[in-house]
Amino acid sequence: MSILVVGSVAFDTLATPYGKREKILGGSATYFSLAASYFTKVRVVAVVGDDFAAEHEGVMKARGVDTTGIERAAGKTFHWGGEYGDNVNEAKTKFTDLNVFQNFRPQIPQAYGDTEYLFLANIDPKLQLEVRRQMPRVKMTGGDTMNLWINNSRPQLIETLKKVDILLINDGEAKLLASDTSLARAARKVLAMGPRALVIKHGEYGATIFFPDGVHPFRAPALPIEEVQDPTGAGDSFAGGFMGYIASQGKLDRPVLTRAMFYGSVMGSFAVERFGTERLQQLTKDEIQQRFDLFRSLTHLD
Ligand code: AMP
């Protein structure tokens with residue numbers, strides 16, 4: 001089964017307590033595709049500028065990701081600057097240079113029309129909805145968003161959420177979206193906006209999947225990692241592992257969803273061990289399985 005992701009392919013300039021990096025490969029669609037590529041075939045729709053070199057695209061191609069949906073526009077690639085202090089859950093945005101992203105109108109290549117799984121990574125909800133409308137045959141749609149859109153584009157976001165089956169956001173975003181300080185109540189309110197399931201990510205503390213009334217939620221832990229070198233992309237890598245595993249199974253029952261929560265945590269935990277996409281580029285299926293088993297023993301009750 002293949003999965004299509006639409007989102008940002010970017011350059012990131014980062015500072016963490018472990019060091020600094022200038023203009024390294026990043027972006028929500030990049031992290032998502034690398035993580036999902038260990039589970040299923042991945043297709044990407046994004047835009048880059050003329051400073052995006054073959055070696056950058058090569059990182060995705062080396063993982064078998066289909067990059068024909070990456071549009072090249074005149075100008076510079078989207079560039080995000082972020083900084084982290086001792087709290088790994090809190091990214092401080094230093095700058096957001098939209099560049100070619102400013103005029104991005106995603107076009108789904110005809111060859112991608114048979115895609116069954118779709119992930120709308122964090123971009124303008126208006127664009128997310130346009131993409132969803134171009135893909136009437138998808139079986140399941142996952143989505144992400146952020147405070148910027150919740151605050152500034154709420155009506156468009158509400159429309160988009162009606163077309164999203166599983167929304168993946170963090171605690172703060174869920175509370176902001178629902179205008180409620182109780183996480184459980186916020187989850188119920190967000191589910192009433194359309195999604196059939198809601199994954200709330202708690203950063204270094206794991207993630208919980210909530211369902212509409214009557215079905216109890218499920219929480220997956222995060223692995224305690226001694227050296228979180230760079231938290232960038234943890235959420236997108238979680239989404240890649242989560243959605244990639246679901247697409248590889250072709251069905252959507254509770255056992256698949258709960259295992260997908262573990263695979264999401266596994267991929268998020270790998271992403272943060274090194275700067276940028278470094279760790280996600282060279283994993284093996286064995287390493288992924290070993291970590292999955294570690295997660296299982298972490299939560300197993302005799
Ligand atoms: P995460 O840490 O999983 O939330 O994702 C971080 C990635 O999102 C970075 O690689 C950035 O390039 C990208 N990013 C940051 N801000 C935006 C934005 N406004 N729109 C799209 N992508 C963004």
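Reader: Are Tyr 263 and Phe 292 buried or exposed, and what cut-off does the word rest on?

Author: In this predicted model, Tyr 263 is buried, and Phe 292 is buried as well, which means that each has a relative accessible area under 20%.

Reader: Why is the pair of Tyr 263 and Phe 292 called stacked?

Author: A pair of aromatic rings is described by two values, the distance of the centres and the angle of the planes. For Tyr 263 and Phe 292 the centres are 4.3 Å apart and the planes are at 15°; because rings pair when their centres lie within 6.5 Å and count as stacked when their planes are under 30 degrees apart, this pair is stacked.

Reader: What makes you say that Tyr 263 and Phe 292 tie parts of the chain together?

Author: Tyr 263 belongs to helix α9 and Phe 292 to helix α11, and so the pair joins parts that are 29 residues apart in sequence. Both residues also belong to one aromatic cluster, together with Phe 39, Phe 218, Tyr 245, Phe 262 and Phe 295.

Reader: How do you know that the buried residues of α11 line one face of the helix?

Author: The buried residues of α11 are Ile 288, Arg 291, Phe 292 and Phe 295. Seen down the axis of α11, these buried residues fall within an arc of 105°, and therefore they line one face. They pack against α9, residues 254-271, whereas Asp 286 and Gln 290, on the other side of α11, are exposed.

Reader: How many aromatic pairs are there by this rule, and why is the pair of Phe 32 and Phe 119 called stacked?

Author: The count comes to 12 aromatic pairs. The rings of Phe 32 and Phe 119 have centres 4.5 Å apart and planes at 5°, and since that angle is under 30 degrees, the pair is stacked. Phe 32 is in helix α1 and Phe 119 in strand β8, 87 residues apart, and the pair thus links distant parts of the chain.

Reader: What makes Phe 32 and Phe 119 count as buried?

Author: Phe 32 has a relative accessible area of 0%, and Phe 119 likewise stands at 0%; because buried means under 20%, both residues count as buried.

Reader: Why is the charged end of Arg 63 said to sit over the ring of Tyr 38?

Author: The charged end of Arg 63 lies 3.7 Å from the centre of that ring, and the description requires CZ of Arg to be within 6 Å of the centre and within 35 degrees of the ring normal. The charged end of Arg 21 sits over the ring of Phe 275, 4.1 Å from its centre.

Notes. Residues are numbered from 1 along each chain as its sequence is written. This is a predicted model: local features need pLDDT of at least 70, side-chain atom pairs count only at pLDDT 80 or more; totals for chains, interfaces and linings use all residues. Side-chain values use heavy atoms; hydrogens and water are left out. Buried means under 20% relative accessible area, exposed over 50%, partly exposed in between (1.4 Å probe, protein chains only). Helices (H or I, at least four residues) and strands (E, at least two) are DSSP runs, numbered from the N terminus. The arc is that of the directions from the helix axis to the C-beta atoms. Contact means heavy atoms within 4.5 Å. Rings of Phe, Tyr and Trp (its six-membered ring) pair if their centres lie within 6.5 Å; planes under 30 degrees apart count as stacked, over 60 as edge-to-face and the rest as tilted.
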